[in-house]
Amino acid sequence: MPPPSPQWTPLQNSSRSRLDLAASLFNGQAFTWRRTAPHCFSNTIAGFLVSLKQLPGPHSPVLFKVHHPAVADTTVVAGILSDYFHLHIDSDRLRGEWSRNKMFASRTVNLPAIRLLRQDPTETLFAFICSANNNISRITGMVNALAKTYGVCVGRINHSPEDLSDENAANSDETYVKEMRANREADFYAFPSADCIRGRGIPGTVDDDGPENVESVLRQLGFGYRAGYIAKTARILREKPNGGDAWLFALRDKSYEEARTSLLELHGVGPKVADCILLMSLDKYSAVPVDTHVWRIAKRDYGLQSSSASLTAKLYQSVGNRFRELFGEYAGWAQSFLFSAEINIEKTPRIKEEGTTEDIGQDENKFLPSKKRKKDVR
């Protein structure tokens with residue numbers, strides 16, 4: 001007989017007006033949250049296997065429970081989640097300031113309360129290396145494959161009968177019911193440290209510690225050319241003083257330019273992937289990932305002039321600088337609102353209610369409604 005399900009605990013300052021859970025988890029920042037019950041999503045975070053739930057309603061808070069390891073006091077996990085969602089930052093004030101710009105206000109008026117996530121830098125780095133020329137289902141599969149191959153199993157989800165009581169009524173699409181059940185029956189793995197992404201050949205050989213074995217394993221798992229990027233970057237990180245995880249976390253204390261320059265030395269990290277990592281895990285809120293959508297916004301709404309048919313390195317920098325001039329030190333967060341408005345994320349039911357969508361741009365690093373674009377554009 002399974003142990004009793006842990007109890008739900010409200011997360012302070014997490015009403016839907018400040019944090020729309022599904023919109024924040026599934027707007028292209030994170031790739032490993034799984035829907036395990038109606039209105040409920042589960043993942044590993046900082047070594048804990050947790051579930052988050054937000055019931056319908058404009059003032060509904062986020063509730064959380066800890067499945068593994070068992071904890072008597074949830075204060076530590078509450079702090080981790082508060083940090084993860086940046087709940088110490090007054091997003092209402094920021095949005096009010098940004099909305100003094102009439103164009104921003106008109107474009108984002110119907111958007112839910114999207115919050116920037118403060119994710120683990122190692123996982124964010126490898127996830128966005130996987131995002132190149134890819135769609136969301138494959139990115140998710142690759143990140144989960146990395147965790148399963150090199151990470152540690154944390155456990156399975158244990159929901160109470162009450163959590164599942166409206167499972168069939170909550171969604172008329174049988175696919176989602178099957179998906180939830182499958183996710184509850186699957187093991188959850190913590191994402192590995194950079195030092196753990198290494199070969200498993202004969203001890204003492206190049207194959208054991210070099211990139212060849214890692215690349216071979218990942219190619220067999222369907223990573224394609226990204227396998228080489230991951231293997232080489234993992235090796236670079238292992239050779240850093242105090243290890244790769246410590247090196248990445250230390251970038252939080254560097255300036256934006258210093259941290260960006262360091263990331264660009266890694267394999268598979270270009271300007272936009274670097275800015276995604278900086279914005280979503282390294283506290284560089286002025287980082288502005290620029291794709292074709294953001295470039296279009298800058299030209300159409302904010303006066304950036306260019307006759308170029310392609311997004312050059314110079315133009316990339318100009319777009320980021322323009323957003324920083326307009327929106328200040330939290331320009332990256334403002335960009336996430338404008339990007340979401342551009343792709344009509346607020347009109348996509350699966351993102352708002354179900355927390356799922358299908359396609360991601362070739363190197364857009366954001367979720368896109370599948371009917372709005374072709375797969376693997378460019």
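Contact here means heavy atoms within 4.5 Å. This is a predicted model, in which local features need pLDDT of at least 70 and side-chain atom pairs count only at pLDDT 80 or more, while totals for chains, interfaces and linings use all residues. Residues are numbered from 1 along each chain as its sequence is written, and side-chain values use heavy atoms, with hydrogens and water left out.

**Exercise 1.** Place S99 in the chain and work out what surrounds it.

*Solution.*
Step 1: Find the spot. S99 sits in the loop between α3 (91-98) and α4 (102-108); helices are DSSP runs of H or I, at least four residues, numbered from the N terminus.
Step 2: List the contacts. Skip the neighbours within four places in sequence, and S99 touches F104 and A105.
Step 3: Look for a polar contact (a pair of N or O atoms within 3.5 Å; within protein, one must be able to donate a hydrogen and the other to accept it, and residues adjacent in sequence count only if both atoms are side-chain atoms). The S99 side chain reaches the backbone oxygen of R95 at 2.7 Å.

**Exercise 2.** Decide whether S99 and S262 are buried, partly exposed or exposed.

*Solution.*
Step 1: Get the cut-offs. Buried means under 20% relative accessible area, exposed over 50%, and partly exposed in between (1.4 Å probe, protein chains only).
Step 2: Take S99. Its relative accessibility is 28%, so S99 counts as partly exposed.
Step 3: Take S262, found in helix α14 (residues 256-263). Its relative accessibility is 18%, so S262 counts as buried.
Step 4: Check who is around S262. Leaving aside neighbours within four places in sequence, W247 and L251 are in contact with S262.

**Exercise 3.** Describe the largest nonpolar core.

*Solution.*
Step 1: Know the term. A nonpolar core is a set of buried Ala, Val, Leu, Ile, Met, Phe, Trp, Tyr and Cys residues joined through side-chain atoms within 4.5 Å.
Step 2: Size it up. The largest one has 74 residues, and F126, L263 and F323 have the most contacts inside it.
Step 3: See who contributes. Helix α6 (residues 136-150) gives the largest share, eight residues.

**Exercise 4.** Work out the strand order of the five-stranded open sheet.

*Solution.*
Step 1: Strands are DSSP runs of E, at least two residues, and two of them pair if DSSP finds at least two bridges between them.
Step 2: The order is β1-β5-β4-β3-β2, with antiparallel pairing.
Step 3: Zoom in on one pair. β3 (residues 40-45) and β4 (residues 48-53) share six bridges, and C40 has K53 in β4 as its bridge partner.
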